[in-house]
Amino acid sequence: ADEVARLVPAGPIAVVTGKGNNGGDGWVAARVLAAGGREVRVLALAAPGSLAREAAAAAQAALEAGVRWEPAGDALAMPQQLAGAAAIVDAVFGVGFSGTAREPYASAIVSMDDAEAPVISADMPSGVDADTGAVAGEAVHAAVTVTFSAPKPGLLLYPGAAYAGE
């Protein structure tokens with residue numbers, strides 16, 4: 001939330017969430033940003049009711065706090081959903097990602113990357129392998145990556161380091 005405030009002091013925030021724990025991180029970010037007075041909307045690649053464990057709990061807490069959400073659109077709809085956002089939080093893939101993103105995730109990554117708003121990635125830029133820094137397919141070029149627990153090798157090793165931003 002502090003990185004978003006520094007990078008983008010005003011305007012609506014779009015949070016793009018996946019189905020795993022990284023998506024849960026996005027739901028937490030949405031709740032915290034909303035509690036801080038920001039206009040926030042989650043674009044969910046997986047409906048809140050389909051999430052498991054910690055991600056499900058994070059989504060439920062955000063919804064109970066009044067965070068608005070809608071299903072993330074396809075390659076044609078998502079750019080429109082992101083239009084007007086002052087910043088985008090990328091919470092699609094985290095440390096468990098390797099290889100290439102399949103649909104609908106690949107289109108979501110391209111849509112975030114093509115948007116005019118700066119992207120803040122949760123833990124890892126989606127599409128970058130956290131262990132090796134490998135980028136085998138589509139990946140987000142983040143303005144800022146907020147990582148958790150410890151720095152991931154993929155944030156420091158190229159080509160992943162070139163996607164991580166600050």
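**View 1. Strands S1 and S2 pair in the parallel sense over five bridges.** S2 covers residues 40–44. Strands (E, at least two residues) and helices (H or I, at least four) are DSSP runs, numbered from the N terminus. Two strands pair if DSSP finds at least two bridges between them. Ala-14 has Arg-41 of S2 as its bridge partner. From S1 the chain crosses through H2 to S2, a right-handed β-α-β crossover. Right-handed means a clockwise path from the first strand over the helix to the second, with the strands pointing away from the viewer. This is a predicted model: local features need pLDDT of at least 70, side-chain atom pairs count only at pLDDT 80 or more, and totals for chains, interfaces and linings use all residues. Residues are numbered from 1 along each chain as its sequence is written, and side-chain values use heavy atoms, without hydrogens and water.

**View 2. S1 also pairs with strand S4 in the parallel sense.** S4 spans residues 87–91, and five bridges join the two strands. Ala-87 in S4 is the bridge partner of Ile-13.

**View 3. Both faces of S1 are covered.** Ile-13, Val-15 and Thr-17 are buried on one side. Ala-14 and Val-16 are buried on the other. Buried means under 20% relative accessible area (1.4 Å probe, protein chains only). S1 runs from residue 13 to 17, and five of its five residues are buried.

**View 4. Nineteen residues line the largest pocket.** Val-92, Phe-93, Gly-94, Gly-96 and Phe-97 lie nearest its centre. A pocket is an open set of points on a 1 Å grid over the protein atoms alone, where a 1.4 Å probe fits, with protein on both sides within 12 Å along at least five of seven lines; lining residues have an atom within 4 Å of a point. Helix H2 (residues 21–35) gives the most to the lining, with three residues.

Notes. Buried < 20%, exposed > 50% of the residue type's maximum accessible area, 1.4 Å probe, protein only.
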